[in-house]
Amino acid sequence: MSFNVRNMTVHEALSLMERRECTSEQIIRGLLDEIRAVDGRIDAYLMVNEDDAINQAKAADRARAEGKKGKLLGVPIAVKDILNVRGQQCTCASRILSGYVSPYDATAVARLRSEGAVFVGRTNLDEFAMGSTTENSGFKVTKNPRNTDYVPGGSSGGSAAAVAGGEAIAALGTDTGGSVRLPAAFCGCVGLKPSYGRISRYGLTAYASSLDQIGPITKDVTDAAVLLGTMAGWDEMDSTSVKIPVPDYMAGLSGDLKNMKLGLPREYFVKGMDPEVEKIVRAAVAKCRALGAEIVDVSLPHTEYAVSTYYIIATAEASANLARFDGVRYGFRIKGASDPIDMYGKTRAAGFGPEVKRRIILGTYVLSSGYYDAYYLSAQKVRTLIRRDFENVFKQCDALLAPVSPTVAYRIGEKTGDPLQMYLGDIFTVTANLAGICGLSVPCGVNKEGLPVGLQVLGPAFGEEKILRIGHAYESAST
Amino acid sequence: MADLKMTSVDKIDVAYVAHLARLFLTDEEIRTFQGQLDHVVAYVKKINELDLKNVEPTSHAVMVQNVFREDVVKPGLSVEQVMSNAPATISDQFQVPKIVE
Amino acid sequence: MKYLTTIGLEVHVQLRTQSKMFCGCSSEFGAEPNTHVCPVCLGYPGAMPVMNREAVRKTIITGLMIGSKINEFSKFDRKSYFYPDMPKNYQISQYDKPLCVGGSVDIDVDGGIKRVAVTRIHLEEDVGKNMHFQNTSGVDFNRAGIPLMEIVSEPEISSPEEAFAYLLALKQILLYAGVSDCNLEEGNVRCDVNCSVRQEGQNEFGTKTEIKNLNTFKGVLNALKYEVVRQVETLESGGNICQETRRWDVDTGVTIAMRSKEYAHDYRYFPEPDLVPVVTTREQIEELQSNLPELPRYRRERFVKEYGIPEYDAAVLTADMSVAGYFEQAAKLSSNPKAISNWIMTEMLRLLSEKELDIRTVMITPSALAGLVKLTDDKVINSNSAKEVFAVLFDKGGDPNQIVKEKGLIQVSDSGAIEKFIEQAIADNPKSVADYLSGKEVAAKHILGQVMKLSRGKANPQLVGAILEEKLKVEKQKKNG
């Protein structure tokens, strides 16, 4: 074959198929070969439906032959196993959803499908997206393709590992506190968390409803723009999606940063962070200056409260969102329960893993009688302060540059015993979710061990055009 | 800070909260979670250091309001589809252990 | 020792909508189990609610009808508890920002009016239905997600009878407002009641109990009657009332403590993040306000004043909004509203219920009824004929004047003609005449009947009576003379 699936991007696949240099079926077969070759080592996928994927690809090829158009006609997309795809499992990497077959497409999935995308398989994640390493999957631990002794990041670790490992052209993840950006950074790919309300959440199994967003994980910024453009826009099924026109994200990828003012939030360059990471990110900042951007120092004073705020709000919402998993209507049920309460208690105890249980307990606690004001209500108020911090800095600059994480990927097992230490690693990503703004993770180098570092570009709500343009300019100059 | 004083004496009661959340934990789980969550709670409490008296809470990141659907019937799922996902059924209903009221 | 009773009611009313509160499933009653369900109302992973505009509108209308303040900013919250009929194990309800706050319902008490204050009205989704089998239970989610309005009264009701009157008045308002069918058989109205007693002179309320899920008004009345007696007897015998939830057992006629649900009251309310706030502008409220139907109580008082009909008639007529509307249309065309009222309260309501018809679609128009009343008042026809005409109008409609002509029902008031009928009747009934003359006054009635028969019902009965009396007087003199 004259093409290489391993490094293929969405826009390359599209132009190859348009020029009739290959078919969707060939791409899928190539991809399935890659999965067979490497997934035993990486464990990115929870399910690959070969026959179904080939059939979808054949249908796409026929459609193309008939002259039908589609922005993603015949392009394979891997989907995090937390998004509903009609007729497929949706386990959320939890045993509690074993046996559940989704009867409907998430809106984002439906939009990709209507543009001709092919759904290859389901990628691994931290159970219900709760985690930053993908070690919390109820089924298996995904490894970082750059070095399989390391975690891929999480919670969309399967999607990032599949893309970075050449097992997927592009993938969908979800980002509640960094779950797209962090694994993208750890694996060395591009991850976009759109603004809250930009992509419909309908069909995304909710972890924390006021923070969740679907985002693409891709090999380059152009692909992120293509996928965002396909999925974005108001949806009548999601009341929190926003009726703002979807711009042509591709058109904004001009390649330069002239007249751009970029802020460096001082709270995101703090002692305690990995000095190598800081050095690499600062080098990336310098490159952006060289591309014509003006760099200014800014401050987001409430950053130190972000992790607390995030863990109160996210777990509170999660405690309610996950209450529905009770063994009555779908999924797993314990056998031999004596009454409904017994059935709930035992089903949930057996069906959920430890991190999910911890978060449900924390979330239940912060909402319970007598504690609501001190935790949940206070957290919502701090959320207001964090949001205002961003509103203020976006009056001073177009976007912000920052690291995605204070460290590179951890070794597998390194932090599993200490949840608080794990939570603190989310410090640079949770703020975007709390404020509802958009963020992009772009690879900006590797450390001495060859582990990737991500540059985070944060933009104002519905400022995806800006951050994609910045990410694209940086990426073009670096490769 | 009244809040701080209050929260310093309050400790998460993992066994009670787990029951509220319908999670039947083992004693070992309760011990482990108690230790871990004590740390987490002590950490997250620090938001009460801030003066939040005159701050409005944010429950939605976007300022959207009045999103309605019209009162129109749309097709749902078939009973076969619905029952095929059910762990146990009885006469096209979801079977559960006997409910005592 | 005398005891005072304090009662508060939470009334859950199913709103009249086509679809459910947060999804497009049908809210139709009586379908096969689990046939009106979708990912949203089954709480499937990833499904999200979207508010039904009509349900919100109808709740606001209800608030305006009872004089509530409409919250310009309202929102939904999650109320968490686990139960098999709960698809998400939280119910989407409203906690601190309900759609409507305050208001009141007037009830009739001992010939006077008592105003019962309403605390709030909020909107929520219904739960599914548990069915009990031999050793197991089943859940049907057709009802899950149907819009329910919860109307919470202040604890200002002082007897089971007042509670009953409150429910009747409330139901009438809901029907007038067109917000609910209030069909009790279909479970459209379900009540939770709080009840406590205290000794006269004691200021603080006694410990209250809650009786849940009463689905008939009689059930509310009987359960409360029982509960008041139970509480008083418990206190009298030196016992204490426990704060608990009880249920009413219709078959045995007693309330029974429900198995206490531990931790049941920690509902962990927080704002529903999947929904956005409901903001109602002053203009929208004014718009709804200007189109509100008249409250039944006001209408009743107005009928008495404007149409001079008795209080009793006004109450019967206004019990049903369409009956009241019909009456008013006809009364406006007539100079005798009391006669209109009589027709409606007797013949009309009887025939409607016999034939299971709706007054909004009857053949007899309000103007035809007014015409019929005029024909009677003008003595063009007598009351017997009027009944006949009414029957025709009810079945086929048409113009009463025309029917009277066609049927030849015009009353005979020509004394010459009537005298002839009387003479013949006297001639034909010598025995009755003899009876009369021997002192049996009732025999005159029989003769009068014969006269009417001879006239085929058309003779003016007053005239017949007068002339007959004369004639019989003459006969008497003959006999005595």
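## Notebook: a buried pair, an interface and a covered strand

I started with A:Asp81, which is buried, with a relative accessible area of 0%. A reminder to myself before going on: this is a predicted model, and I am reading everything below as computed from it.

**Entry 1: the partner of A:Asp81**

I looked for what A:Asp81 meets in there. Its side chain forms a salt bridge with that of A:Arg122, at 2.6 Å from N to O. A:Arg122 sits in strand β3 (residues 118–123) of chain A, while A:Asp81 belongs to the loop between β2 (76–80) and α4 (107–114) of that chain, so the bridge ties together parts 41 residues apart in sequence. How accessible is A:Arg122? I find 0% relative accessibility, and A:Arg122 therefore counts as buried, the cut-off being under 20%. I also noted the total: over all chains, the structure holds 67 salt bridges.

**Entry 2: two salt bridges in chain C**

Next I took C:Glu301 and C:Arg297. They form a salt bridge whose closest N and O atoms are 3.9 Å apart.

C:Asp395 bridges to C:Lys355, with the closest N and O atoms 3.1 Å apart. C:Asp395 lies in helix α10 (residues 383–396) of chain C and C:Lys355 in the loop between α8 (337–354) and α9 (366–377), so this pair ties together parts that are 40 residues apart in sequence. I checked the accessibility of both ends. C:Asp395 is partly exposed, with a relative accessible area of 46%, and C:Lys355 counts as partly exposed at 40%.

**Entry 3: where chain B meets chain C**

I turned to the contact between the chains. How many residues does each chain bring? I get 36 residues from chain B and 53 residues from chain C. Together the two chains bury about 4,000 Å², and 59% of that is on carbon and sulfur atoms.

I searched this interface for salt bridges, and the rule finds one. It joins C:Arg53 to B:Glu70, with the closest N and O atoms 2.8 Å apart.

Which elements of chain B supply at least two residues each to the side that touches chain C? My list has α2 (14–20), β1 (68–69), α4 (79–84) and β3 (93–97). The largest share, five residues, comes from β3(B). Sorted by type, the residues on this side of chain B are 18 nonpolar, ten polar and eight charged.

**Entry 4: a sheet that crosses the interface**

I stayed with β3(B) to see what it pairs with. Its partner in chain C is strand β11 (residues 136–140), in the antiparallel sense and over four bridges. I wrote down two partners for anyone clicking along: B:Gln95 has C:Gly138 as its bridge partner, and B:Val96 has C:Ser137.

Stepping back, I traced an open sheet of four strands with antiparallel pairing, in the order β2(B)-β3(B)-β11(C)-β10(C). At its edges stand β2 (89–90) of chain B and β10 (129–132) of chain C; each has a single partner strand, so one side of each is left without a neighbour in the sheet.

**Entry 5: a covered strand in chain A**

Last, I went back to chain A for strand β6 (residues 213–218). How many of its six residues are buried? Six of the six are. Both faces are covered, with A:Gln213, A:Gly215 and A:Ile217 on one side and A:Ile214, A:Pro216 and A:Thr218 on the other.

I looked up its neighbours too. Strand β4 (residues 170–175) of chain A pairs with β6(A) in the antiparallel sense over five bridges, and A:Ala171 stands opposite A:Ile217. Strand β5 (residues 190–193) of chain A is also antiparallel to β6(A), over two bridges, and here A:Val190 stands opposite A:Thr218.

Methods
Residues are numbered from 1 along each chain as its sequence is written. Chains are lettered from A and ligands numbered from 1 in the order in which they are written. This is a predicted model: local features need pLDDT of at least 70, side-chain atom pairs count only at pLDDT 80 or more; totals for chains, interfaces and linings use all residues. Side-chain values use heavy atoms; hydrogens and water are left out. Contact means heavy atoms within 4.5 Å. Buried area is the accessible area (1.4 Å probe) that two parts lose on being put together, summed over both. A salt bridge is a side-chain nitrogen of Lys or Arg within 4 Å of a carboxyl oxygen of Asp or Glu. Ala, Val, Leu, Ile, Met, Phe, Trp, Tyr, Cys and Pro count as nonpolar, Asp, Glu, Lys and Arg as charged, and the others, Gly among them, as polar. Two strands pair if DSSP finds at least two bridges between them. Buried means under 20% relative accessible area, exposed over 50%, partly exposed in between (1.4 Å probe, protein chains only).
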